[in-house]
Amino acid sequence: MEEKQLIQTLREKDFRGLEALIDDYGFAICQAVWGILNHPAEASYRKEVENEVFYKIWEKIGDFDPQKASFKTWCVTIARNQALDKKRQVIRDLRYVPSEILPETLAWDEHLGTERFLELVAVLAPEDQLIFLKYFFFQDKPKDIAADLGLSAALVSNRLARGKEKLRNVLEKERGKA
């Protein structure tokens, strides 16, 4: 099915459009989901997220604007965002923060809970948030993170260093106000 016809069929809420969406874009969507939900603790959520993505595309097809992005990019962006949301939820549900979450200079007496960590990391760009979660929470190595995200290991290390500095500044400001 042609892309324009597929989009029109989805807008008409015709299930043939959903079938064509899965056939034509399912692999790219699944790749995006699996690329983010790549830790063993998240594996059981992949199908759930994939289904959520297809449903969200079905429901939000009226929001698609070909002037802003290609249809494939729009679909993969939805998949990426859904997978990131699920990854954050899994981390919150585990209620676990590794002790090495912050540089030694920030290891103050107060204990940082998972919610606090996620709140702090939220000041970073979405891709940097993912890098921090993979590095500090799942303890992936920078080279593995780089391979997962299609970045260089040097760039991942650089983003980790800049992110730590940004978090350090946020925490120091908060400590100054207290």
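A disulfide is a pair of cysteine sulfur atoms within 2.5 Å. By that rule, the count here is zero disulfides. The cysteines include Cys30, which is partly exposed at 22% relative accessibility, and Cys75, which is buried at 1%. (Buried means under 20% relative accessible area, exposed over 50%, and partly exposed in between, using a 1.4 Å probe and protein chains only.)

A quick word on what you're looking at: this is a predicted model, where local features need pLDDT of at least 70 and side-chain atom pairs count only at pLDDT 80 or more, while totals for chains, interfaces and linings use all residues. Residues are numbered from 1 along each chain as its sequence is written, and side-chain values use heavy atoms, with hydrogens and water left out.

Now for the charged side chains. Side chains of opposite charge can pair when their charged atoms come close. Searching the whole structure turns up nine salt bridges, each one a side-chain nitrogen of Lys or Arg within 4 Å of a carboxyl oxygen of Asp or Glu. One of them joins Glu42 and Lys87, at 2.7 Å from N to O. Glu42 sits in the loop between helix H2 (15–36) and helix H3 (46–60), and Lys87 in helix H4 (residues 71–94), so this pair ties together parts that are 45 residues apart in sequence. (Helices are DSSP runs of H or I with at least four residues, numbered from the N terminus.) Both ends are tucked away: Glu42 is buried at 0% relative accessibility, and Lys87 is buried at 0% too.

Asp85 forms a salt bridge with Arg88, with the closest N and O atoms 3.3 Å apart. The two are three residues apart in H4, which means about one helical turn separates them. Asp85 is partly exposed at 41%, whereas Arg88 is buried at 19%. Elsewhere, salt bridges that share partners link Glu127, Asp128 and Arg159 into one network.

The axes of helix H1 (residues 3–11) and H2, lines fitted to C-alpha atoms over the stretch in contact, come within 8 Å and cross at roughly 135 degrees. Contact here means heavy atoms within 4.5 Å; among the residues making it are Leu6 and Leu10 of H1, and Arg16, Leu18 and Tyr25 of H2.

Notes. Axes fitted to C-alpha atoms, helices over the stretch in contact; angles between N-to-C directions.
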